Amino acid sequence: MVISISCDIVHITGENRVLAHFGLQKINTDPCIGVKALMEIAGKTGTYTISDVVFSLGPRINAAGRIDDAKHAVELLIATDKEVAKEKSAMINVRNTERKGHDLTITDEALGMIENDEVLIARKSTVVFNEDWHKGVIGIVASRLTEKYYRPTIVLTRSNGHVAGSARSVLGYDLYEALCGCKDLLIQFGGHKYAAGLTMAPENLEAFIERFEEVVSSTIKPEQLIQQIQIDAELRLSQIEPKFFRILSQFAPFGPENMAPVFISKNVYVSGNAGLVGGSHIKMSVMQEGSAVFDCIAFNHGQYLEQLRPGVPFEMCYSIEENVWRERRTIQLNVKGIRFNPSKSPPKGETFKLKPSP
């Protein structure tokens with residue numbers, strides 16, 4: 001149950017929160033044979049959280065259906081024999097590796113299409129099409145393009161003689177309503193405010209691209225095209241102590257409608273050197289006057305590497321988590337945003353916004 005709750009990105013409140021809490025207890029103490037095999041092949045050590053389920057287990061289970069046949073994931077999860085579970089988890093892991101390859105290739109191709117087209121760059125929506133793209137991963141690609149350009153995005157490919165695709169939206173913008181404004185050009189569509197699927201006849205593709213842009217341009221607010229990071233409170237790094245982290249952890253499991261708190265700290269400095277890991281992520285240690293040094297990971301913030309130098313102050317927003325490495329547990333800051341000289345921040349980009357008091 002916790003795998004479904006986590007990977008379907010449903011609210012972690014009420015009954016769901018109770019089920020997620022006890023589900024995580026089960027995963028961390030006595031997982032079923034199939035889940036245990038999947039955890040072993042994923043290679044993640046330490047206590048599993050909702051986020052770990054989403055990013056370590058979920059993609060592997062989904063990859064079975066995206067690349068091959070979902071029955072392999074079902075057979076894994078209901079397995080009663082360790083050897084069968086081991087075999088199925090290995091097969092699913094291979095499919096996940098294939099899925100990653102398709103994902104990266106298509107994302108690169110889609111980004112190239114946008115970056116080399118001045119008309120696409122200037123639009124308030126993104127719609128890209130390639131008949132050779134793998135249908136099983138275009139939803140993931142749509143999410144990646146939305147992260148990059150932060151605007152309603154649709155990725156389309158050819159499927160069974162039609163053009164089919166996945167759509168993703170940005171905070172506050174109703175994607176489903178936008179598709180309703182194009183329904184005469186569609187064979188079918190369905191979804192919700194932030195994600196949808198759609199199918200159309202090939203001859204309607206160009207008209208749909210133009211109509212969707214018209215609808216989005218006339219209904220989206222300028223502030224919805226600027227990614228906002230919602231801040232819960234300002235914090236001094238010296239306040240982050242083991243007791244504070246233990247109290248914070250009691251609010252878990254975190255997820256939609258019960259997200260991990262995000263804090264902001266100002267005038268922080270790099271301690272030592274910052275470096276790239278995984279191509280676009282930054283690993284660094286930071287400190288603030290009077291504080292200890294904290295390890296940080298900043299996913300997809302590689303563009304800031306050259307500015308992150310000892311002695312150069314900046315502000316950052318982050319969540320606080322536990323990092324386990326070779327059975328050693330430490331507090332780590334998961335950086336959500338970095339800003340230098342806030343008064344001169346460009347109008348396009350991340351903005352930090354303090355949440356209103358309840």
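Student: Is Ile114 buried or exposed, and what makes it so?

Tutor: Buried means under 20% relative accessible area, exposed over 50%, and partly exposed in between, with a 1.4 Å probe and protein chains only. Ile114 has 0% relative accessibility, so Ile114 counts as buried. Please note that this is a predicted model, in which local features need pLDDT of at least 70 and side-chain atom pairs count only at pLDDT 80 or more, while totals for chains, interfaces and linings use all residues. Residues are numbered from 1 along each chain as its sequence is written, and side-chain values use heavy atoms, with hydrogens and water left out.

Student: In which helix is Ile114 found, and which residues does Ile114 touch?

Tutor: Ile114 belongs to helix α6, residues 82-115; helices (H or I, at least four residues) and strands (E, at least two) are DSSP runs, numbered from the N terminus. Contact means heavy atoms within 4.5 Å. Not counting residues up to four places away in sequence, Ile114 touches Leu120, Ile121, Thr126, Val128, Leu145, Tyr149 and Arg151.

Student: Why is Asn16 called partly exposed?

Tutor: The relative accessible area of Asn16 is 26%, so Asn16 is partly exposed. Asn16 lies in helix α2, residues 14-29, and touches Ile5, Val10 and His11, residues up to four places away in sequence not being counted.

Student: What makes the link between Ser159 and Lys135 a polar contact?

Tutor: A polar contact is a pair of N or O atoms within 3.5 Å; within protein, one must be able to donate a hydrogen and the other to accept it, and residues adjacent in sequence count only if both atoms are side-chain atoms. The side chains of Ser159 and Lys135 are joined by such a contact of 3.5 Å. Ser159 is in strand β2, residues 153-159, and has a relative accessible area of 13%, so Ser159 is buried.

Student: Which strands form the open sheet, and in what order?

Tutor: The order is β1-β2-β3-β5-β4, five strands with mixed pairing. Two strands pair if DSSP finds at least two bridges between them.

Student: Why are β1 and β4 called edge strands?

Tutor: Strands β1 (126-129) and β4 (188-191) each pair on one side only. From one strand to the next, the twist averages 15°; axes are lines fitted to C-alpha atoms, for helices over the stretch in contact, and angles run from 0 to 180 degrees between N-to-C directions.

Student: How many bridges join β1 to β2?

Tutor: Four bridges join these strands, which run parallel. Val128 has Val155 of β2 as its bridge partner. Helix α8 (residues 138-149) packs on the sheet and touches β1, β2 and β3 (162-168), its direction making about 45° with that of β3. Helix α10 (residues 205-219) also packs on the sheet, touching β1, β2, β3 and β5 (195-200), and its direction makes about 165° with that of β1.

Student: How do you know that β12 and β13 pair, and what is found in their hairpin?

Tutor: There are 11 bridges between β12 and β13, which run antiparallel. Glu321 stands opposite Gln332 in β13. The hairpin has two residues between the strands, and Arg326 takes a positive phi near 50° there. Strand β13 is also joined to β11 by three bridges, in a parallel arrangement, with Ile297 opposite Asn334.

Student: Which members of the largest nonpolar core touch the most other members?

Tutor: A nonpolar core is a set of buried Ala, Val, Leu, Ile, Met, Phe, Trp, Tyr and Cys residues joined through side-chain atoms within 4.5 Å. Of the 27 residues in the largest one, Met284, Leu308, Phe314, Ile320 and Leu333 touch the most others. A second, separate core has 25 residues, including Tyr150, Ala167, Tyr173 and Ile220.
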